[in-house]
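Here's a quick tour for anyone meeting this structure for the first time. Have a look at the chain below, then read on.

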Amino acid sequence: MTIGWFMKALTQYADFHSRARRREFWWFVLIQWFVIGFLVAMFAVMAVQSGALDGTTLDVGEIGVSGWIFYIAALVVSLGLVVPYLAVTVRRMHDSGRSGWWAIFLLFLPIVVWIIALFDGDAQPNKYGPDPKELER
């Protein structure tokens, strides 16, 4: 069901009003980091194998087509996941009874958001909606 939580966050990419469980938030973050990290690592491998990275500089002219494909893929995936990441973060803040504006900490102090996201949300309905755990039972 892990990929299911990721897909749930993706399908609710425009929902900035309800609540999200810890499970939904953390699986989305974990899979997002894994996918983007994989693409960035593949770009680095292509750069090293092509000789574009000599230890001191990166010669972008020598990366090659496959290196650029991984670079562009990482960029597109990263940009494509920005809105769903913001949405699931806002919903996670709502689950803890906080305003979605707390997600602004992602810009300069993301650890604050992640610490808040570690704790269980409100067990009762709050002004952002019913408890998502209760809805699944």
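What follows is a short briefing, grouped by topic.

This is a predicted model, in which local features need pLDDT of at least 70 and side-chain atom pairs count only at pLDDT 80 or more, while totals for chains, interfaces and linings use all residues. Residues are numbered from 1 along each chain as its sequence is written, and side-chain values use heavy atoms, with hydrogens and water left out.

**The overall picture**

- The chain has six helices and zero strands, so its pattern along the sequence reads α-α-α-α-α-α; helices (H or I, at least four residues) and strands (E, at least two) are DSSP runs, numbered from the N terminus.
- Of the 137 residues, 35% count as buried, where buried means under 20% relative accessible area, exposed means over 50%, and partly exposed is in between (1.4 Å probe, protein chains only).
- Take the contacts between residues at least 6 apart in sequence: 68% of them join residues at least 24 apart. Contact here means heavy atoms within 4.5 Å.

**What's packed inside**

- In soluble globular proteins, nonpolar side chains tend to be buried together.
- The largest nonpolar core here has 16 residues, and F6, F25, F28, L81, Y85 and V88 touch the most other members. A nonpolar core is a set of buried Ala, Val, Leu, Ile, Met, Phe, Trp, Tyr and Cys residues joined through side-chain atoms within 4.5 Å.
- Helices α1 (2-11), α2 (22-50), α4 and α5 each give two or more residues to this core, and α2 gives the most, with five.
- Apart from this core lies another one of six residues, including F43, M46, F70 and A74.
- Which residues does F25 contact, leaving aside its neighbours within four places in sequence? They are Y85, V88, T89, R92, W114 and A117.
- Helix α5 (residues 110-118) has V113, I116 and A117 as its buried residues. They sit on the same side of α5, because they cover an arc of only 100° around the axis, taken from the directions from the helix axis to the C-beta atoms.

**What's on the surface**

- Y13, F16, W68, Y71, I72, L75, V76, L79, V82, V83 and L86 form a nonpolar patch with about 990 Å² of accessible area together. Patches are made of residues with over 30% relative accessible area and no salt bridge, with like charges joined within 9 Å and nonpolar side chains (Val, Leu, Ile, Met, Phe, Trp, Tyr) within 5 Å.
- Both α3 (65-80) and α4 (82-95) supply at least two residues of the patch, and α3 gives the most, with six.
- One patch member, V83, lies in helix α4 and counts as partly exposed at 41% relative accessibility.
- G80 belongs to helix α3 and is partly exposed too, with a relative accessible area of 48%. G80 and L10 are 70 residues apart in sequence, yet 10.0 Å apart in space, C-alpha to C-alpha.

**Charged pairs**

- The whole structure holds seven salt bridges, each being a side-chain nitrogen of Lys or Arg within 4 Å of a carboxyl oxygen of Asp or Glu.
- D131 and R19 meet in one of them (3.9 Å, N to O). D131 lies in the loop between α5 and α6 (132-136) and R19 in the loop between α1 and α2, so the pair ties together parts 112 residues apart in sequence.
- Are D131 and R19 buried or exposed? D131 counts as buried at 9% relative accessibility, and R19 counts as buried at 6%.
- R22 and D120 form another salt bridge (3.7 Å, N to O), linking helix α2 with the loop between α5 and α6 across 98 residues. R22 is partly exposed at 30% relative accessibility, as is D120 at 44%.
- R91 pairs with E24, their closest N and O atoms being 2.5 Å apart. R91 is in helix α4 and E24 in helix α2, so the pair ties together parts 67 residues apart in sequence.
- R91 is buried, with a relative accessible area of 0%, and E24 is buried at 0%.
- Salt bridges that share partners join R19, R92, D95 and D131 into one network.

Notes
Accessible areas come from the Shrake-Rupley method with a 1.4 Å probe; for residues, only the protein chains shown count as cover.
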